[in-house]
Amino acid sequence: MNKVHFVGAGPGDKDLITLKGYKLLSEADVVIYAGSLVNPALLEYCKEGCEIHNSASMDLNQIISVMEDGIKNNKKVVRLQTGDFSIYGSIREQVEELSNLNIEYDCTPGVSSFLGAASALGVEYTVPEISQSVVITRMEGRTPVPEKESIESFAKHQTSMAIFLSVHDIEKVVKRLHEGGYPMDTPIAVVYKATWPEEKIVKGTLKTIAKKVKENEISKTALILVGKFLGEEYKNSKLYDKGFKHEYRK
């Protein structure tokens, strides 16, 4: 029996899907894609006659029903998820339902938008002696966030942070980042639709960013990146220091 293939679509640019993901998508008989977030240009890889469903208007039961029907009819089913489904991808609830139906599945990872955003900015989250950790989080909305994972609690570390699903309330995000510990001169960037043709980058500090975001009319589909990794200060790594010896360089 066939299995359901979960595929990470990448951050937006249709060429940033993995080679394995592309192959699965091009061979699929049924594709269910996250229409509100996945670049529809990726559907150009689908073969003629492929049955395509936009999950933006579907609930969980409808999604599972399409998957079940496809498998029962011996069709190759692909669930095309935004970015990489391991981050805010709602994959757990889908695989639990598939397991209840004794339907097998596999997962092909994708490039997350927080990686696409860093590439758009030409930066690395882990700058030697400046930041060696990355916090990936979101602010609570209709979906709650555990109290111990508040923006303020993470801000105490003042490390690199990528904040999803929160740009609509940028003033509140800034307030909570500052209350948690980031100074108001901390560099911050908002990347709208990273790697898409309509990508937009807004840079500033905690003091200036909210106004700039409003001026650029960004209210969704954007990542907030904050931390000293975005600033001018940096330290060279030891990796390419000619005086640093390791097993490959004596």
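Colleague: In the lining of the largest pocket, how many residues are nonpolar, polar and charged?
Modeller: Keep in mind that this model is predicted. The lining of the largest pocket has 49 residues. By class, they divide into 21 nonpolar, 19 polar and nine charged.

Colleague: How much space lies in the largest pocket?
Modeller: Start at the centre of the largest pocket. Leu37, Thr82, Tyr88, Arg138 and Leu165 are the lining residues nearest to it. The space in this pocket comes to about 1400 Å³.

Colleague: What is the volume of the second largest pocket?
Modeller: Look at what surrounds the second largest pocket. Its lining has five nonpolar, four polar and four charged residues. The volume is about 160 Å³.

Colleague: Which residues lie closest to the centre of that second largest pocket?
Modeller: The second largest pocket is lined by 13 residues. Five of these are the closest to its centre: Val123, Glu124, Val127, Phe229 and Tyr234.

Colleague: With which side chain does the side chain of Lys76 make a polar contact?
Modeller: Lys76 sits in the loop between H2 and S4. Leaving out residues up to four places away in sequence, Lys76 touches Asn2, His5, Leu24, Glu27, Ala28, Asp29 and Val30. One of these side chains makes a polar contact with that of Lys76, at 2.5 Å. The partner is Glu27.

Colleague: How far apart are the closest N and O atoms in the salt bridge of Glu96 with Arg92?
Modeller: The count of salt bridges comes to eleven. Glu96 and Arg92 both lie in helix H3, four residues apart, or about one turn of the helix. Their closest N and O atoms are separated by 2.7 Å.

Colleague: How far apart are the end C-alpha atoms of residues 3-209?
Modeller: In UniProt, an unreviewed entry places "domain: Tetrapyrrole methylase" at residues 3-209. Over that stretch the chain is 28% helix and 21% strand. The distance between its end C-alpha atoms is 46 Å.

Terms used. Residues are numbered from 1 along each chain as its sequence is written. This is a predicted model: local features need pLDDT of at least 70, side-chain atom pairs count only at pLDDT 80 or more; totals for chains, interfaces and linings use all residues. Side-chain values use heavy atoms; hydrogens and water are left out. On a 1 Å grid over the protein atoms alone, a cavity is a set of points where a 1.4 Å probe fits but cannot get out, and a pocket is an open set with protein on both sides within 12 Å along at least five of seven lines; lining residues have an atom within 4 Å of a point. Grid points are joined across faces, edges and corners, and a volume is the space filled by probe spheres set on the points. Ala, Val, Leu, Ile, Met, Phe, Trp, Tyr, Cys and Pro count as nonpolar, Asp, Glu, Lys and Arg as charged, and the others, Gly among them, as polar. Helices (H or I, at least four residues) and strands (E, at least two) are DSSP runs, numbered from the N terminus. A polar contact is a pair of N or O atoms within 3.5 Å; within protein, one must be able to donate a hydrogen and the other to accept it, and residues adjacent in sequence count only if both atoms are side-chain atoms. Contact means heavy atoms within 4.5 Å. UniProt positions are given in the numbering used here, feature names are shortened, and annotations may be inferred rather than shown by experiment. A salt bridge is a side-chain nitrogen of Lys or Arg within 4 Å of a carboxyl oxygen of Asp or Glu.
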